[in-house]
Amino acid sequence: MERVIRADRDEWVPVFTGLPVRQFRRLVRIVAGRGGEQTGTGRRWSLPPADRVLLIAVYYRTNLTLRQVALLFGVSESAAHRVVDHLAPLLALAPVARRHSPDTVLIVDGTLVPVHDRTVSASSKNYRYSVNMQVVIDAGTRLAVAVGRPVPGNHNDCTAFRDSGADTACRGTHVMADGGYQGNRQVIMPYRRPRDGSELPAWQHEFNTVHKRVRARVEHVFARMKWWNILRNCRRKRDGVHHATHGIALMHNLAVAG
């Protein structure tokens with residue numbers, strides 16, 4: 001089959017990855033360094049490394065079926081499955097390996113990702129079977145710092161923050177969150193009106209205004225991540241949504257870094 005999309009045609013790279021060609025080449029090197037290269041004996045890949053990385057990017061971006069993606073790259077459906085299964089764990093945001101500086105401010109929030117696999121999801125407030133994905137970003141750079149493991153979508157953000165493991169990436173630093181994290185002493189939340197209905201003091205109003213303006217940065221990151229259509233309706237099973245969100249977070253960071 002003739003390939004319609006090729007990584008050596010630079011015009012396709014920004015369309016499907018949102019990355020400049022230079023950053024896409026860097027992404028290919030990252031994946032190769034994690035084991036994406038062909039090594040040893042055995043069945044050889046029919047696509048070169050850059051095309052395999054572009055294939056998974058196209059899959060995440062368009063959310064086409066793998067049968068449709070395979071046609072675009074001139075390979076069989078089973079070969080496309082193997083590419084995604086092999087590369088998805090390698091195309092992932094690296095875990096935090098060093099302590100944050102004392103002046104670092106992080107922002108955490110959760111987003112609901114509809115998934116077909118009901119073993120990892122639950123009916124949630126968007127009336128669909130979804131998972132709650134907790135994402136932590138750096139407030140200054142807007143880079144993704146950590147992505148928690150998916151928890152069923154009927155878990156509130158406070159519980160999901162703990163159960164997903166996202167809280168471990170935030171230890172030792174300041175963490176901002178919305179009012180959905182009530183009961184979690186690790187995060188900084190806006191002030192709520194007293195139960196007696198009285199007004200907040202002026203300084204608390206001012207704090208809430210600044211807090212809302214800064215915390216909105218994580219919503220902007222979610223908007224960019226949802227540009228990848230797989231996060232609007234994920235058909236992958238088990239760890240598929242976890243790997244997809246990690247991979248998209250990595251590509252988001254490369255795009256922001258320029």
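Helices (H or I, at least four residues) and strands (E, at least two) are taken here as DSSP runs, numbered from the N terminus. The structure is a predicted model, in which local features need pLDDT of at least 70 and side-chain atom pairs count only at pLDDT 80 or more, whereas totals for chains, interfaces and linings use all residues. Residues are numbered from 1 along each chain as its sequence is written, and side-chain values use heavy atoms, with hydrogens and water left out.

Confidence is described by pLDDT, the predictor's confidence in each residue on a scale from 0 to 100. The average over the chain is 85, and 93% of the residues score at least 70. Among the elements of the chain, the lowest mean pLDDT, 84, belongs to helix α1 (residues 12-17), and the highest, 92, to strand β3 (residues 129-138). Where pLDDT is low, the predicted coordinates should not be read in detail.

Two helices were examined for length, the expected span of a helix being 1.5 Å times one less than its number of residues. Helix α7 (residues 202-225) comprises 24 residues and reaches 36 Å from its first C-alpha to its last, close to the 34 Å expected at 1.5 Å a residue. For the 18 residues of α8, the end C-alpha atoms lie 26 Å apart, which agrees with the 26 Å that the helix should span at 1.5 Å a residue.

Burial was assigned from relative accessible area: under 20% is buried, over 50% exposed, and values in between partly exposed (1.4 Å probe, protein chains only). In α8, 14 of the 18 residues are buried, so this helix is largely enclosed by the rest of the structure. The buried residues of α7 are Gln204, Asn208, His211, Val214, Arg215, Val218, Val221, Phe222 and Met225. An α-helix has 3.6 residues a turn, so residues three or four places apart point the same way. Contact is defined as heavy atoms within 4.5 Å, and the buried residues of α7 pack against β1 (105-114), β3, β6 (174-176) and α8.

Histidine 211, located in helix α7, is buried, with a relative accessible area of 4%. When residues up to four places away in sequence are not counted, histidine 211 touches Met176, Ala177, Ile188, Met189 and Pro190. Asparagine 253 is placed in helix α8 (residues 240-257) and counts as buried at 12% relative accessibility. With residues up to four places away in sequence again excluded, asparagine 253 touches Leu93, Leu143 and Ala144. The C-alpha atoms of asparagine 253 and alanine 144 are 6.4 Å apart in space, although 109 residues separate the two in sequence.

Phenylalanine 16 lies in helix α1 and, at 12% relative accessibility, counts as buried. Not counting residues up to four places away in sequence, phenylalanine 16 is in contact with Ile5, Leu54, Ala57, Val58, Arg61, Thr62, Trp227 and Trp228. A separation of 31 Å is found between the C-alpha atoms of phenylalanine 16 and alanine 160, which are 144 residues apart along the chain.

Several loop residues were also characterised. Asparagine 63, in the loop between α3 and α4, has a phi near 60 degrees, a positive value in a residue other than glycine; asparagine 63 counts as buried at 12% relative accessibility. Arginine 238, in the loop between α7 and α8, likewise has a positive phi for a residue other than glycine, near 50 degrees, but counts as exposed at 59% relative accessibility. Glycine 172 occupies the loop between α6 (157-163) and β6 and is exposed, with a relative accessible area of 64%. The C-alpha atoms of glycine 172 and alanine 202 are separated by 30 Å, and the two residues are 30 residues apart along the chain.

Pockets were located on a 1 Å grid over the protein atoms alone, a pocket being an open set of points where a 1.4 Å probe fits, with protein on both sides within 12 Å along at least five of seven lines; lining residues have an atom within 4 Å of a point. Grid points are joined across faces, edges and corners, and a volume is the space filled by probe spheres set on the points. The second largest pocket has a volume of about 330 Å³. Of the 20 residues that line this pocket, His81, Val84, Asp85, Arg236 and Lys237 are the closest to its centre. Two or more lining residues come from each of α3 (49-62), α4 (66-73), α5 (77-87) and α8, and α5 gives the most, with 4 residues.
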